[in-house]
Each structure stands twice: as structure tokens, then as C-alpha cells.
Amino acid sequence: MQAQAKFNLRKSKRSLFGLLFATMLLIITWRSPAVASTAKHYTELDFPPLPEIQLPEYTRYQLDNGIIVYLMEDRELPLIGGTALFHTGSRYEPADQVGLASLTGEVMRTGGTADHTADELNQILEQKAAAVETGIGTTAGSAGFSALSEDLEEVFGLFAEVVQEPVFDAQKLELAKTQEKGGIARRNDSPERIAGREFQKLIYGKDSPYARTVEYQTLNNIQREDLVEFYQKYFHPKNMILGISGDFETDKMKALIAEKFGTWKPARTLEIPPEPNTNQVHQGGIYFINQPQLTQSYIEMGHIGGERNNPDYPELMVLNGVLNGFGGRLFNQIRTYQGLAYTVYGIWNANYDYPGVFIAGGQTRSDATVDFLKAVQTELSRVQREPVKPEELSYAKESTLNSFIFNFESPDQTLSRLMLYEFYDYPQDFIFDYQRQVEATTIEDIQRVAQKYLKLDKIVTLVVGNEAEIQPPLSTLDSETKITAIDISIPEPS
Amino acid sequence: MFPSWRVPLCIQHIPSGRIWRGFVGTLLIGLLWGLSITPLLADENPTRSSASIQPYLDQVMDEVSEFRLDNGMKFIVLERHKAPVVSFLIYADVGGANEPTGQTGVAHYLEHLAFKGTKRIGTTNYQQEKPLLERMDQLFEQIQAAEKQGKSEQVSQLVAEFETVQTEASKFVKPNEFSQIVERAGGVGLNAATSTDSTVYFYSLPANKLELWMSLESERFLEPVFREFFKEKQVILEERRLRTDNSPVGQMIENFTAEAFKVHPYGRPVIGYVEDLKTLDRDNVEDFFESYYVPNNLTVAIVGDVYPTQVKQLAQTYFGRYTAKPEPPKIQLVEPPQQETREVTMKLPSQPWYFEGYHRPALSHPDHVIYETIASILSNGRTSRLYQTLVEDQQVALAAEGFSGYPGDKYPNLILFYALTAPGHSVEEVAVALRNQIEKLKTEPVSQTELEQVKTQARANLLRSLDSNMGMAFALLEYEVKTGNWMNLFKQLDAISKITPADIQRVAQETFRPENRTIGKLLSQES
């Protein structure tokens, strides 16, 4: 859940002024020749510059118990929203209890608090059209709220209860487990989901915290006490960044935060384990999952990628831009020119604090599978071999730079970004460094990063498809590579 | 955009439906913009929050202006100067339901082709390209005729010539130039969507590019060239395989819908049947375009950092170039009242799903808000009746909800319920539990508390939707086109405030009758 937020005109006079001024300029420049109201082709148009980006004002401070707080007033609409981030995640759950983090994140909210049962919580919030939600993902936990500003005190109070005194009701845990089991039973119902899940396992390893999946057995190993313990380990004031934006006065909000969170005493001391090691487990190879009912092959291919703090990250994003998007090479060649797919992509992905995956793929009719794979390989090797054309580079750069303003469309975008940078220990002006570096990217840079970061010999290829219909068969791709079948049948609990 | 690269944009025939706990994925195809547009509701006897919200809604209404060009094209402008960006939406009042028999998919095909450029965009030399495109059309016609007559030798000869001409024509193509111009200019969210009722084209630009949008979009429909026609057909066939043929739920929904509508074109899939797609030619698309993409059938919403006088001036200059044309034909087919329960069962490699639909009137009917309220009481949130009973208490379903407006809402449509069975439970158990909840609406009045909650939530939803330029563009046009006035987006709030428990009971009794019911069962086929 994102904080609701708006540009606060009263509070940011400079930007308002800038906007007004720019707008007046626009009107003047458009009106004087506009008398000659003739339609122009797009090539004949000139555009006035946009006003400079103005960052909304905000307050950052720390409570005595360690909570870091960001506050951003935004009085446009009578709404307030907030998010708290915690260092935790499924990457820290025990291997025989996969699903523990996700269940903890869910039942923390659905199980009620010491002062309000789950039903009471649901009723109060829904009657006020408000929300409090929690969740734990791979690398972070979050808790959020959203309310009409007139309901702030009550809703924020419930939010504080959910964060500090969840009771992890046993029945709600059972319900959550039933839902998880339903998810396991249904996980092979979609070929896209099969491909997505199994590809991650091929890259990170089937037991890696970044790829492993919840199973009936790991769910059976999880008891209520495990949730309580997992919660206590990580939900700790020293581990919390809270950001709130919306229709409030900063001083009053500070007082409310102090009242609701100032006395929070954690049950134990905070220990964040080290991040798990990450290596690519298979170096190349073709893997296949037979689904005889399909008329299409679902393809994912790639290798391990990197992190956002990689110094070449901006250049790699420009490379992504050359390959992808409506004007990208893969779309142009494989979809538009060859008509081989509705979806096709090749993206070097980066995470904040562990390596992402370079992943290419799409889906194509069964008998075109080999053509599709070859076409993707051709494009990947071409971008390494030949310099991109100047217009391809400018397409990728201009798309990023001219749309940069959309990162500042509303103040809460800035707020979430600042919180994420602090959370993952990135510099506060990371986005502006990124912008400068995109601007400076050259044709040589693209070729350099394509050669350095795309490792064609390390590409693992996964096809989910109909073996009998894939003609020519996958074996014609490369006679030396063995094709490994993957069994995706769902293990029963032991 | 920064910071993430996602799977690239796709031109799609429908926006994806709802995500259920992140793993069920796309379901209810045709649920167009259901989220922010179901808003509804204000209150005549203002509660605290309605009194505090109303001034904000009034203010937004004040900032909306509208004008119509001499050729009949309508524009709605909402000024929002909080950031120097603008969202643009062109709404063609035509969708899958308007297609001629035997040409299903043509509306969506046209939507894809509207990205192929014009006489000046997307080509290096239209004069030289044009005869090649025409030659391909002839050859395609000849190939089809030869195939019908079983002259296989002639077919392969014609196909060979076709390939040669296609290769020749492709040399003049600047692929995806139209989209590239938009993206280079800083355009974001570029896409289009086709539903049973409408075809929409949209993206957002930095505010200094207003005139670029005027130039590009007016040219796009002034002199479109439907080039790369036959290659795009392959892309669309892939899209159909992806969304329907290789998705158990997609197949189920297609059959279910055909069962529920025997006469009205709502029974046909927007993506089109394969046999129709295969035979569609460029003339079919041109004809469809000529009939329906006429100025008085197009409506535009512009929301963001713009000034209405300037918008109007530019709109006259650019879109004033369109010639007024006759009104497009209206759909005359009416679905006759259903006489008995219908049922479709499919066995596919999937865990079970249960569907149950009931016919209801169109969006413009006064009871529309009552149907929305019923759907909300049953489905909205953890306190909703279906979640409370089927999911939480009985645990027979992983998810269960109902919503109105399937597959469209311009014409009489369905209130559709669906549920995913929980492990160890059958669609029959789910059906019984669901039916109990539906029957209860007929026999017992809903509580004031439940009704109040729906009203409050609707107001708050509308308030929250004001935040998004594109969201507002969609909401304003849905109401403008389907109800005749964008103000109904706000005024529906009044209608809802008047809803009583008796209204709900009346509509439930009228609607939830066995003879008005269509059932769909998707059962596991163990491989």
C-alpha cells in the first residue's frame, strides 16, 4: 500500500511559481503563432522546456527508541497514508519452514491485536473506508495504513496495535495455511507461472531462499509459536522506517507518533542475519517441462544479473531500452517483423541488495519454438557484436530522460523512494546520479556493457510446452547440449 | 521511466482482471476498469465523512470543462496543475459487440493496426509501398479462393508470390515508428484496449507536449495505413493462444459467455474466433474503421496540466480536419429473457472453478447502482458476505466474489459470481454455499450497517481516484459515453444514497431466479 500524497502548493511556493511562470511562457509561445491555426506534422513542432523538478518538502527525524520517521504534508485531498518498512524477509526463514515469513506477514494483520479481535478490526476499518495491511516479501516486511484524515487518530491507533501487539490467532493461521495449500494445488494451472517459478530455481538453485517454493511439508512444519518468534525477531523499533504523507500538520503528527510508538519496547534485541550467498547453479543448458495440452511454448532464458548499485547500472538500463519497449529490437524483430510472439523481452534485472536475473523470453506457437529461441539469441549476440545505431541509442536515452518527470508526479513517489534508499543504504540522490549517467551513455558504453554483462554461454533455457508439437524439436538447436526434463509434480507431505 | 524494467508493454484486447492473492492471475476478461469506476455514491443525509468529502468532489466538478467540434467530436478537459504532466485518452464508442457476424475480432485487430502509422509515419515512401499492400490484398483473396477449391499447387504458388511481395513491402516499413515517437517524447503508459463496448487509446506526456499529442493522434485516425496486416494477424493469433487457448479459465469463460448470450453479440469473444481471424482481410478493417471511427463516435478526455482554451484551440486546428459523417449503426439485437437454467461443464488440466451468472440491465438503467451495491455487500473486503461465509467460516473456497458488468455494461449484461474451490472441497459444495448467500438477499433485508458501509466506501473510492490523471480520464469517459454525461460519475452518488434494504430485496428477487441463471463448472481433468 502506498501513501496517498499530493503536491502541496501552499507549502512549496517556489515550485508553484516556477510552474506558473513556465505555463505563462507556454501560453505565450503557443498563442502568438497560433493565430495561423494550421495543423503541423510532428516533425515541425518545437517544445518549450519543462520547469525544473522541485522536490516536495519533508521532515526526517528519529524517535528515542530508534524509529526513523519521514513526514510529508500534502493537503490537496482529505487523505492520509503511511508505510513502515522492516528488515526481514523470506530469505531469513528456515529451509524446512518455507512460507513462515509470508504467513507471519499475513496473520500479523488478519489475526487481530491484544485490544481488537480480527473481526473488530475488519469492521472498524471497512466502515471507515480505511485500511491497515501488513506483509513480508523476500527482503522486507511492510505495514501500511490509509484513512480519511478525519479518521486518522483511530486508524493510526489500530495500525500501531497491529505493528506492536499482534496476537497471531491460531484459527486465522489455519485459514492462511488453507489458502497457501490451495495455492500449492493450483500452482501448475498456468504455464506462465510454471515457467516463471522453475526458471528462478534453475538460476538461483531449487533450495535458494530466492527461488524455493512453499510445500505442503514446509507448511506442516510451521506452528503459531514460530510466527510469534519470527515476528519478535524482526519487528523492532530499531528496525523500522516509517513514512507518512497526506493531509496533516507535521507537529500534530509528530505528537501522535510519539504517543502511539514512543513507548514501544521490543521483546528482544535485534539481530539481522547476513544475506544468503547467491550464485548461478546451472551454467547453460536446456530444460524442458512437457505440457501436452498446450499450443504454445512458454520460454524463459537467461543467467544471473546484478544489483542496482553496480556502477554500470544506468548503462545497462539504456541497453534494456535498446532491446525492449515498443521501439526496441526484440519487439521490432520478433513480434512486429517476424510475427512470432505477442510478448517478447530481454531484460537485465537488478535488485537493491542481491543479484537479479538477466531474463529473456516470451511465448510462441509450438512449431515456432526453435525459431523464437534462435531469434532471441541472434539479437543478443548482435548487440554484443555490432555497435547500436545512433538513433537506437537516442531512442533509449530520450525515452528515459523525457519521461523522468513522471518519477515526480506526486509527492508520495519521492517519499517512497527516499525510504527505500535509506532502507537499502543507497545515496539519497541516487536517482539524479542515474539520470546524469543515462545522459552520458554512449554507443561504446552499450557495446561494452552488453559484452561484459550478457553471458551468452551461461544462458539457461527453459521451455514449457507440448513436446509432440515442437517441430523442429529442441534437439536441433544444439546437438551437444543435453535436454533435461523437469518434474513439476507436487510433492505430498511426508 | 525509472527504476524498473518490466515486461514490455503489450497492446491488449482487455485490461487484465483481478489478481487473487497473487497467484490466480488474470481472470475475468472484459472487466473493464472495474476498480475506480464502480465508485458511486453520495449521501442525502450527510454523515460526517460525506460532508467532509463532498466539497472536494464539487471542486473537481468545477474544474471539468467540455466542448464539441463542429464535426461532432467531443472533448472533456479536467485541469490539474499539481505536476507538469497530462494524460490523454481517446475513446471510440465501438467494440467487439459491434462486429459483423463472421468478423469477430475485427475491432481488436483494428486497435493493433492503429499502431502501424499513417501515410507519413511508419513508412519511408508511402507512394511506393501502397501498390505492394494492395497486391498483397489481392493475393490473399486468391489464396483463400484457391484453398476453398482445393487447388493446392496454385496455393503454394500464390503463397510464394505473397511472401515475395510482403518482403518487398517490409522494406518501406519503419517498424513501430508511431510508438517510438511517443516514447522518445517521454510518453508513458502507451497502450490501447478493446472491450465488448469500446476501444480506447491512451498515454501520458510531459505537459509541454500537448501539441505533439494533437498532431500525432489526429493524424493517426485521419489517414491511417493498416500496413503489416498479415504479420500482425500472427501476433493476434499468439495473443489468442496466450489468453484463451492455453488458459483453462480463458477457455471456460469463452464457453460460459457463449452459453449466457444466445442472441446478443456479448456472447462472442472480443479477441475473435480463430476461423474468423484467419479470413479477416484489410477491407474488413477499413470498412469497420469507416463506419465507426467517425468524429461523432469519438470522445477525448485530457486530464492534467493544461488550459481548456488552449486545448480547444488546438483541438479545432487538429481534429477539426475530420469530416463529419453519419452516425454509426446501432446494435439492434436484444437478448430474449432466459427461460431456464443453463449449464456449461468443462474438464481441463486445472483445479476447479465455479461460475454463476444472472442477466441484469445495462449501466444506464436506474437499478444499476443497486446491482453495484449488491456486488459490494457480497464481495467487497473481509467483512463481505462471501468472504465471511465461503472463505472464512466454511472454508470451501479460496476466493469467492461477484461483480456486475460482465462482459460489458453498455447493454444488458451479467452479474457474475465466481469461486475457486479450497483443497478437499467440490464445486457442488461451493455452489450450495454461494446460493445460500444469494438467496438470503431475497428473503432478508440487508442491515443498515452494511448499506452505510457501501456508501462510505463508494465516496472514499471516488475521492481516492481523483489522484490519478489517467484514472479520471477513464472514469469521466465511461460515464460520458455510456450514460450521456460525465457528471453522472459524481451524481450516481446521490442515487446510491437513496438505496434502501427494500430496493436490494426487490432487485435480488427479480434477478436471482433459476431460469435467469447460467452455471459454469471448470473441473479437473487428471492427466
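In the predicted model, helix 11 (residues 329–337) and helix 12 (residues 369–385) of chain A pack with axes that come within 11 Å and cross at roughly 155°. Axes are lines fitted to C-alpha atoms, for helices over the stretch in contact, and angles run from 0 to 180 degrees between N-to-C directions. Helices (H or I, at least four residues) and strands (E, at least two) are DSSP runs, numbered from the N terminus. The crossing angle therefore makes helix 11 of chain A roughly antiparallel to helix 12 of chain A (over 145 degrees). The crossing of these two helices is right-handed, meaning that the near helix is turned clockwise from the far one by less than a right angle.

Helix 11 of chain A contributes Arg329(A), Leu330(A), Gln333(A) and Ile334(A) to the contact, and helix 12 of chain A contributes Phe372(A), Ala375(A), Val376(A) and Glu379(A). Contact requires C-beta atoms, placed from the backbone, within 7 Å. By class, five of these residues are nonpolar, one is polar and two are charged. Ala, Val, Leu, Ile, Met, Phe, Trp, Tyr, Cys and Pro count as nonpolar, Asp, Glu, Lys and Arg as charged, and the others, Gly among them, as polar.

UniProt, in an unreviewed entry, lists residues 221–398 of chain A as "domain: Peptidase M16 C-terminal". Such annotations may be inferred rather than shown by experiment. The end C-alpha atoms of this span lie 52 Å apart. Its content is 39% helix and 22% strand.

Between the chains, 81 residues of chain B are in contact with 85 residues of chain A. Helix 8 (229–245) of chain B is among the elements giving two or more residues to the chain B side. Helix 8 of chain B supplies the largest share, eight residues. The chain B side divides into 34 nonpolar, 28 polar and 19 charged residues.

Chain B also holds an open sheet of six strands, in the order 1-2-6-3-5-4, with mixed pairing. Strands pair if DSSP finds at least two bridges between them. Strand 1 (64–68) and strand 4 of chain B stand at the edges with a single partner strand each, so one side of each is left without a neighbour in the sheet. Neighbouring strands are turned by 15° against each other on average, direction ignored. Strand 3 (residues 85–92) and strand 6 (residues 298–304) of chain B run antiparallel, joined by seven bridges. Val86(B) has Gly304(B) of strand 6 as its bridge partner.

Residues are numbered from 1 along each chain as its sequence is written, and chains are lettered from A and ligands numbered from 1 in the order in which they are written. In this predicted model, local features need pLDDT of at least 70, side-chain atom pairs count only at pLDDT 80 or more, and totals for chains, interfaces and linings use all residues.

Definitions and conventions: Angles under 35 degrees count as roughly parallel, over 145 as roughly antiparallel, 65 to 115 as roughly perpendicular and the rest as oblique. Two residues are in contact if their C-beta atoms, placed from the backbone, lie within 7 Å.
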